[in-house]
Amino acid sequence: MFVKTAEFIASNTDVRKLPEPSLPEYAFIGRSNVGKSSLINAMVNKKGLAKTSQKPGKTQLINHFIINKDWYLVDLPGYGFAQTSKKNRAEWERFIRRYLTQRENLQCIFVLIDSRLEPQKIDLEFCCWLGEQGLPFLLVFTKADKQSGVKSDQNIAKFRKALLAWFEDVPSIFLTSAEKKQGMEEILATIDEINKN
Ligand code: GDP
C-alpha cells in the first residue's frame, strides 16, 4: 500500500465520543517507549504525526488518524510505566479494554514489543487477554536495528514459545525498525489485505 495521505482526526478520552465507526480501524499499542510513535510516523511517512511518549499522569488519549481517506489508524496510550500507580493502571485498563472490546469497526490490533528484550510479563499478559477476548491481534517487534538479527530472532522465538503455553497457534509476527524503515511495507500490505476482504 502506498500512503498518499495521513491526517490527524481526533484525540479522545471518552470511548463514547470516538469518530463514527464508518471505516475499518487498526489499533497500535504497546509498552511506553516501545517505539510506537516512531513506527506510526515511519509507516505513514510523516514525521511528527504521532507524538512521542505520553508521560504518566498525563491524560491518556485515543488518537485517530485517517489514512488515504480509507481507514483509521489508532494510536492507543502505552502501558507499563514503571512509575505508574495502581490507580492509573486500573484506569488505563478500564479505558482501553472498553475501547478494544466495544469498537465495532476494529479489524486488528498491532501489539508492539521491543525486540531487544526477553519476553516481558506485561506483554504476555496483554496478549493473553486479547486472545481470551477473541480479539484479532498481530505482533510487531520494534527496534530491530539496535541489535543483531540473531538476538532479535532469539527473543522472538522465546516470546512465541511463551505464547504457545496458552494458545495453539501464534499470530503473524513482523520484525521492524522505524529507524531503518524495515517491516513497514509488510504491515501496510497486511492492512491492505484485510481491507480488501
Ligand atoms: P513510544 O513511547 O512507544 O511512542 O516510543 P517512541 O516512538 O517515542 O520511541 C522511544 C525511543 O526509542 C525514542 O528515543 C526513539 O527514537 C527510539 N526508537 C523508536 N523506534 C526505534 C527504532 O526503530 N530504532 C532505534 N534505534 N530507535 C528507535
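Two strands are taken to pair if DSSP finds at least two bridges between them, and the strands themselves (E, at least two residues), like the helices (H or I, at least four residues), are DSSP runs numbered from the N terminus. The views below show a predicted model, in which local features need pLDDT of at least 70 and side-chain atom pairs count only at pLDDT 80 or more, while totals for chains, interfaces and linings use all residues. Residues are numbered from 1 along each chain as its sequence is written, and side-chain values use heavy atoms, with hydrogens and water left out.

**View 1. Strand β2 between its partners β4 and β5.** Four bridges join β2 to β4 in a parallel arrangement, and Phe-28 has Asp-75 of β4 as its bridge partner. With β5, strand β2 also pairs in the parallel sense, here over six bridges, and Tyr-26 has Cys-108 of β5 as its bridge partner. Six of the six residues of β2 are buried, where buried means under 20% relative accessible area, exposed over 50% and partly exposed in between (1.4 Å probe, protein chains only). Glu-25, Ala-27 and Ile-29 are buried on one side of the strand, and Tyr-26, Phe-28 and Gly-30 on the other.

View 2. Seven strands are arranged in the order β1-β3-β4-β2-β5-β6-β7, with mixed pairing. Because β1 (6-12) and β7 (173-175) stand at the edges with a single partner strand each, one side of each is left without a neighbour in the sheet. Neighbouring strands are turned by 25 degrees against each other on average, direction ignored. Strand β1 runs antiparallel to β3 (residues 62-67), to which six bridges join it, and Phe-8 stands opposite Phe-65 in β3.

**View 3. Helices α2 and α5 lying across the sheet.** Helix α2 (residues 86-102) lies across β1, β2 (25-30), β3, β4 (71-75) and β5 (106-114), and runs at about 155 degrees to β2. Helix α5 (residues 184-196) lies across β2, β4, β5, β6 (137-142) and β7, and runs at about 145 degrees to β2. Axes are lines fitted to C-alpha atoms, for helices over the stretch in contact (heavy atoms within 4.5 Å), and angles run from 0 to 180 degrees between N-to-C directions.

**View 4. The packing of α3 against α4.** Helix α3 (residues 121-133) and helix α4 (residues 149-164) pack at an angle of about 45 degrees, with their axes 11 Å apart. That angle makes α3 oblique to α4, given that angles under 35 degrees count as roughly parallel, over 145 as roughly antiparallel, 65 to 115 as roughly perpendicular and the rest as oblique. Asp-123, Leu-124 and Cys-127 in α3 meet Phe-159, Ala-162 and Leu-163 in α4.

**View 5. Helix α1 and two residues with positive phi.** Eight of the nine residues of α1 (residues 36-44) are buried, among them Leu-39, Ile-40 and Met-43. The helix is followed by Asn-45, which has a positive phi of about 60 degrees although it is not a glycine. Asn-45 is found in the loop between α1 and β3, and its 60% relative accessibility makes it count as exposed. Lys-143, in the loop between β6 and α4, likewise has a positive phi, near 60 degrees, but at 18% relative accessibility Lys-143 counts as buried.
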